[in-house]
Amino acid sequence: MTSTLLPSDSLHRLHSPIIHRLANGLTIIAEQVPVDAVNLNIWLNVGSAVESNAINGMAHFLEHMIFKGTATLPAGEFERQVEARGATINAATSQDYTHYYLTTAPQDFAALAPLQLEVVLNAEIPEASFERERQVVLEEIRRSQDNPRRRTFHRAMELTFERLPYRRQVLGPASVVESLTAQQMRDFHARWYQPQSMTLAAVGNLPVPELVEIVETSFAQAWQKTALPQHQPAFTSLLAPLTELSSGVSFSPEERFQEIIRQEFYDASLQQARLVMTWRVPGLVDLEETYALDVLASVLAHGRTSRLVQDLREQRGLVSGISVSNMTYLYQGVFYISAHLPTKHLAQVEAAIAQHIQALQTDLITEFELERVRTRVANHFVFGNEAPSDRSGLYGFYHSLLGDLDGAVRYPAHIHAVSPEQIRAAAQHYLTPSAYGVVITYPNDRATNGD
């Protein structure tokens with residue numbers, strides 16, 4: 001086992017995680033913080049992106065089945081013991097990862113951590129539970145389809161990505177989920193739930209050596225019970241195995257838009273129109289390129305003093321709401337602008353957004369505005385990562401996807417280093433005002449809607 005202590009400086013002195021790498025490929029990250037709780041976050045670098053179209057939705061469905069018991073831990077027993085100690089558990093699946101997390105009192109961590117690893121590593125996936133849970137997942141898919149915000153987002157992703165699997169829904173289509181088998185899921189679990197694909201982040205009010213010992217021992221106990229093959233070759237790169245094992249899907253970034261690509265929909269459930277504009281931008285594999293885009297998103301629409309909010313909502317009243325996100329997936333990102341507005345303002349608002357983008361390409365942002373934005377972005381990051389669960393999630397995310405923690409512990413420093421010239425260069429290179437994807441959803445027939 002090797003250990004690494006990440007250095008501290010004035011911008012990230014609150015972060016002092018220790019990284020332990022085991023010979024089997026497993027990574028343990030531990031940090032003691034003065035909060036009377038401990039969080040264990042199990043991250044796997046597997047999500048919907050590694051699925052073929054034929055099994056789209058498998059990673060999320062498996063997340064549900066993880067809690068259906070093992071050969072030595074009956075279904076419901078883990079949850080019973082968690083609730084008896086006042087602890088909490090949850091899980092989430094995304095395009096690039098799956099993670100399972102437990103928060104408990106420090107004195108209960110040694111009792112619950114082995115159970116959490118047991119259910120994750122040794123999920124039995126019984127046929128009867130599989131069929132019952134399939135109906136739960138199908139209902140979740142139906143609810144997602146009934147949600148206007150999610151429908152708009154899914155349409156925008158399908159437009160933005162022509163080839164990358166980020167265009168697909170994490171939940172998968174109902175037609176595919178209906179055809180999945182329990183044995184397919186067991187095979188998927190056996191392939192991906194391996195130590196070299198896992199990062200275990202433990203953060204809370206226990207000494208780091210104790211956190212590491214509990215996690216390492218808990219993993220060893222669960223792993224020796226598993227029927228999974230335990231000696232697969234370790235991955236030397238997180239990128240190569242995904243490319244090789246995704247049914248021929250290429251993970252190379254797609255070219256930026258060369259023109260405006262437009263799609264229009266009608267949705268009788270809406271009270272106002274929805275406008276989404278997207279640009280293809282760098283992903284986590286080009287991490288240094290993402291910081292200026294994070295700042296750009298804040299310049300445009302984070303807070304009442306931001307440019308689009310001030311202009312389009314506060315001053316001209318053209319939109320009821322507008323937001324901007326720099327969404328950073330592993331292989332490529334999406335710069336995503338979304339507005340709710342009356343139908344009659346659609347053309348004016350789209351043109352105004354393009355004008356704001358153009359201004360960012362030609363004029364340097366003032367140091368006063370940039371400093372305010374840099375502070376807001378950095379502080380939002382710091383304030384959002386104070387709890388043990390926040391910290392463990394942050395560490396698990398960055399290490400699972402990139403293999404290190406620089407982006408986790410030095411994010412504020414990177415943001416504070418962004419210059420006006422870098423802001424302008426990012427806008428010029430990635431946010432072309434005459435080439436982007438746009439999805440418009442009308443509340444009804446646009447010819448009769450003047451609201």
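Trainee: Which residues form one aromatic cluster?

Mentor: In this predicted model, one aromatic cluster is formed by Trp43, Tyr97, Phe397 and Tyr398.

Trainee: How is a pair of aromatic rings described?

Mentor: The description of a pair of aromatic rings rests on the distance of the centres and the angle of the planes. A search of the whole structure finds 18 aromatic pairs, and one of them joins phenylalanine 153 to tyrosine 336, with 5.8 Å from centre to centre and 50° between the planes, a tilted arrangement. This pair links distant parts of the chain, since phenylalanine 153 lies in helix α5 and tyrosine 336 in strand β11, 183 residues apart.

Trainee: Is tyrosine 336 buried or exposed?

Mentor: Tyrosine 336 has a relative accessibility of 9% and therefore counts as buried, the cut-off being under 20%. Phenylalanine 153, with a relative accessible area of 23%, is partly exposed.

Trainee: Which residues is arginine 151 in contact with, leaving aside its neighbours within four places in sequence?

Mentor: Arginine 151 also has its place in helix α5, which spans residues 148-160, and its relative accessible area of 18% makes it buried. With the neighbours within four places in sequence left aside, its contacts are Ser144, Gln145, Asp146, Asp267 and Ser269.

Trainee: What is the order of the strands in the open sheet?

Mentor: The five strands of this open sheet run in the order β8-β12-β9-β11-β10, and their pairing is mixed. The edge strands, each of which pairs on one side only, are β8 (261-266) and β10 (321-328), while the twist from one strand to the next averages 15°. Between β10 and β11 (residues 333-341) the pairing is antiparallel, over eight bridges, and here serine 325 stands opposite tyrosine 336 of β11. Helix α10 packs on the sheet, where it touches β9 (273-281), β10 and β11, and its direction makes about 175° with that of β10.

Trainee: How are two packed helices described?

Mentor: Two packed helices are described by the distance between their axes together with the angle between those axes. For helix α10 (residues 290-301) and helix α13 (residues 367-383), the axes come within 9 Å and cross at roughly 110°, so α10 and α13 are roughly perpendicular to each other. On the α10 side the contact is made by Asp294, Val295, Ser298 and Val299, and on the α13 side by Glu369, Leu370, Val373, Arg376 and Val377.

Trainee: How do the residues of the contact of α10 with α13 divide?

Mentor: The residues of this contact between α10 and α13 comprise five nonpolar, one polar and three charged.

Definitions and conventions
Residues are numbered from 1 along each chain as its sequence is written. This is a predicted model: local features need pLDDT of at least 70, side-chain atom pairs count only at pLDDT 80 or more; totals for chains, interfaces and linings use all residues. Side-chain values use heavy atoms; hydrogens and water are left out. Axes are lines fitted to C-alpha atoms, for helices over the stretch in contact, and angles run from 0 to 180 degrees between N-to-C directions. Helices (H or I, at least four residues) and strands (E, at least two) are DSSP runs, numbered from the N terminus. Angles under 35 degrees count as roughly parallel, over 145 as roughly antiparallel, 65 to 115 as roughly perpendicular and the rest as oblique. Contact means heavy atoms within 4.5 Å. Ala, Val, Leu, Ile, Met, Phe, Trp, Tyr, Cys and Pro count as nonpolar, Asp, Glu, Lys and Arg as charged, and the others, Gly among them, as polar. Two strands pair if DSSP finds at least two bridges between them. Buried means under 20% relative accessible area, exposed over 50%, partly exposed in between (1.4 Å probe, protein chains only). Rings of Phe, Tyr and Trp (its six-membered ring) pair if their centres lie within 6.5 Å; planes under 30 degrees apart count as stacked, over 60 as edge-to-face and the rest as tilted.
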